[in-house]
Amino acid sequence: MENKEKNLYESGGKIEKEKNRLQTFEYPFLVSKELIGEVIEDKTIIDLGSGPNTALNKFAKEHKANYVAFDINHLFLKEQQKENKNVVQGTMEALPFKDEAADFIHARFVLMHLQPEQRKKAINEAIRISKNRTFFLEYDWKTIQGSEIINRFRDFTINFMNLRGIDPFMGQKLKKEVEKVLENKKALFQISEKRFNQGPNAYYDEVLALAKSTKEALINMKQEELLKSIDTIISELEIELRKRES
């Protein structure tokens, strides 16, 4: 499906609440940390689609690595600059870096927002500027399992993502996407896949924050019927979360 809108982070719209949501998430950073490892002193990490969450930025600083935040959104980069002034704005399909510019390239939850031809260019570009390893991290919403309300929100979000031209199953097809791009260069690269799962009912705080962020997007899109549905889901999530905390 062709996305007729700019992606959320490119649009320059009112994304302050989305920025706040992304800053609070911890689990994605823990996955990135495990993949990159802690032996990174004097290594350079370019974080493609860094977003506003500075956890990886701080991690690099603590381990004496050189960190570069790259994002399409200037508001997100302003947050990164509070930790490290080394930021670059641009699009992933045409990276303003030389070949083998960094030891590690990290791109988390970026490809799902891109259309097929954009993804192909982005993957090629990320690999081009990598001296050592390139890490692509993506969600697979099919794996989310929980209570009835969690599962209902999962199904709602999948439909919403499809409406926005976002691929909710990019994590499931990621390895094949990379293999397809490198089809004629497979002998030069080692492609491996590792799956992470938080387990049932482990993500209530994140789901509630995402539901509220989705509501903001639906307000901007003037989707009245979907707004009614998300309001009901948010109320039920809040009730269930309070029960779990009591």
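Let's start at one residue: setting aside residues up to four places away in sequence, Ser-50 touches Tyr-67, Ala-69, Phe-70, Asp-71, Leu-77 and Gln-80, where contact means heavy atoms within 4.5 Å. The model is a predicted one, in which local features need pLDDT of at least 70 and side-chain atom pairs count only at pLDDT 80 or more, while totals for chains, interfaces and linings use all residues. Residues are numbered from 1 along each chain as its sequence is written, and side-chain values use heavy atoms, with hydrogens and water left out.

Ser-50 sits in the loop between β1 and α3. Helices (H or I, at least four residues) and strands (E, at least two) are DSSP runs, numbered from the N terminus. Is Ser-50 buried or exposed? Its relative accessible area is 5%, so Ser-50 is buried; the cut-offs are under 20% for buried, over 50% for exposed and partly exposed in between, with a 1.4 Å probe and protein chains only.

From here, step onto the sheet. Five strands make up an open sheet with parallel pairing, in the order β3-β2-β1-β4-β5; two strands pair if DSSP finds at least two bridges between them. At the edges are β3 (87-89) and β5 (130-137), each of which pairs on one side only. On average, and ignoring direction, neighbouring strands of this sheet are turned by 20° against each other. Strand β2 (residues 66-71) pairs with β3 over three bridges in the parallel sense.

Now for the interior. In soluble globular proteins, nonpolar side chains tend to be buried together. A nonpolar core here is a set of buried Ala, Val, Leu, Ile, Met, Phe, Trp, Tyr and Cys residues joined through side-chain atoms within 4.5 Å. The largest one has 51 residues, and those with the most contacts inside it are Ile-46, Leu-48, Met-92, Leu-111, Phe-136, Ile-230 and Leu-237. Helix α8 (204-221) is one of the elements that each supply at least two residues of this core, and α8 gives the most, with eight residues. Leaving aside neighbours within four places in sequence, the contacts of Leu-48 include Phe-70, Met-92, Ile-105 and Ala-126. A second, separate core has 15 residues, among them Val-31, Leu-56, Ala-60 and Tyr-67.

Phe-109, in the loop between β4 and α5, has a positive phi near 60° without being a glycine. Its relative accessible area is 21%, so Phe-109 is partly exposed. Lys-222 lies in the loop between α8 and α9, and its phi is also positive, at about 60°, although it is not a glycine. With 63% relative accessibility, Lys-222 counts as exposed.

Technical notes: Axes fitted to C-alpha atoms, helices over the stretch in contact; angles between N-to-C directions.
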